[in-house]
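Thanks for making time, everyone. Let me put the model up, and then I'll walk through it.

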Amino acid sequence: MDYYEIGQRIRKYRKACSLSQESLAERVGISVTHMSHIETGNTKLSLPVLVDIAAVLNVRTDDLLYDSPVITPGSVSEELASLLAGCTAKESRFLLELLSTAMQSMRKHL
């Protein structure tokens, strides 16, 4: 397990959330020094700390353990807008209804 890479992913998500190391450390309940060492890969982090960091950053633990793109509400909105920009009004309406139906079904079954 590459703790440096995990630390870099934590840093990436922390910055995407506009959090300082201090505020993340405080919310997780660890010292700023420990958070700094986690982000630089100079220390191993425990499973409970990993879970707490993921919860504060509102990401899955897998997102911290494995490389994946940062997904923020703004980036999703931009991607959706880009997709819709190439659609006709009829296609956009169809996609809106499809998305609405999919969301209702997802919420019912999750």
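Start with R93, which sits in helix α7. A word on helices: they are DSSP runs of H or I with at least four residues, strands are runs of E with at least two, and both are numbered from the N terminus. This is a predicted model, so bear in mind that local features need pLDDT of at least 70, side-chain atom pairs count only at pLDDT 80 or more, and totals for chains, interfaces and linings use all residues. Residues are numbered from 1 along each chain as its sequence is written, and side-chain values use heavy atoms, with hydrogens and water left out.

Back to R93. At 48% relative accessibility, R93 is partly exposed. The cut-offs are these: buried is under 20% relative accessible area, exposed is over 50%, and partly exposed is in between, with a 1.4 Å probe and protein chains only. Now pair R93 with T33. They are 60 residues apart in sequence, and their C-alpha atoms are 52 Å apart in space.

Here is a second pair. L47 lies in helix α4, and at 60% relative accessibility L47 is exposed.

Next, charges. Side chains of opposite charge can pair when their charged atoms come close. How many salt bridges does a search of the whole structure find? Five. The criterion is a side-chain nitrogen of Lys or Arg within 4 Å of a carboxyl oxygen of Asp or Glu.

Take D67 and K12. They form a salt bridge, and the closest N and O atoms are 3.7 Å apart. D67 is in the loop between α5 (61-65) and α6, while K12 is in helix α1 (residues 3-16), so this pair ties together parts 55 residues apart in sequence. D67 is exposed at 65% relative accessible area. K12 is partly exposed at 30%.

Next is D63 with R60. Their side chains meet in a salt bridge at 2.9 Å, N to O. D63 is buried, at 12% relative accessibility. R60 is exposed, at 53%.

R93 comes back here. Its side chain meets that of E97 in a salt bridge, 3.3 Å from N to O. Both residues lie in helix α7, four residues apart, about one turn of the helix. E97 counts as partly exposed, at 42% relative accessibility. There is also a network: R11, R14 and E39 are joined by salt bridges that share partners.

Now the pocket. Rolling a probe the size of a water molecule over the atoms shows where empty space is left. The method uses a 1 Å grid over the protein atoms alone: a cavity is a set of points where a 1.4 Å probe fits but cannot get out, a pocket is an open set with protein on both sides within 12 Å along at least five of seven lines, and lining residues have an atom within 4 Å of a point. Grid points are joined across faces, edges and corners, and a volume is the space filled by probe spheres set on the points.

The second largest pocket holds about 170 Å³ of space. Which residues line the second largest pocket? L80, L83, L84, S92, L95, L96, L98 and L99. Helices α6 (73-85) and α7 (89-109) each supply at least two lining residues. The largest share, five residues, comes from α7. By class, the lining has seven nonpolar residues, one polar and no charged. Nonpolar here is Ala, Val, Leu, Ile, Met, Phe, Trp, Tyr, Cys and Pro; Asp, Glu, Lys and Arg are charged; the others, Gly among them, are polar.

On to the surface. L84, F94, L95 and L98 form a nonpolar patch, with about 370 Å² of accessible area together. Patch residues have over 30% relative accessible area and no salt bridge; like charges are joined within 9 Å, and nonpolar side chains (Val, Leu, Ile, Met, Phe, Trp, Tyr) within 5 Å. Areas come from the Shrake-Rupley method with a 1.4 Å probe, and for residues only the protein chains shown count as cover. Three patch residues, the largest share, come from α7. L84 is in helix α6 and is partly exposed at 38%.

Last, backbone. Most residues other than glycine have a negative phi, and most peptide bonds are trans. S18 has a positive phi of about 55° and is not a glycine. S18 is in the loop between α1 and α2 (21-28), exposed at 67% relative accessibility. N58 also has a positive phi, near 60°. N58 is found in the loop between α4 (47-57) and α5, exposed at 71%.
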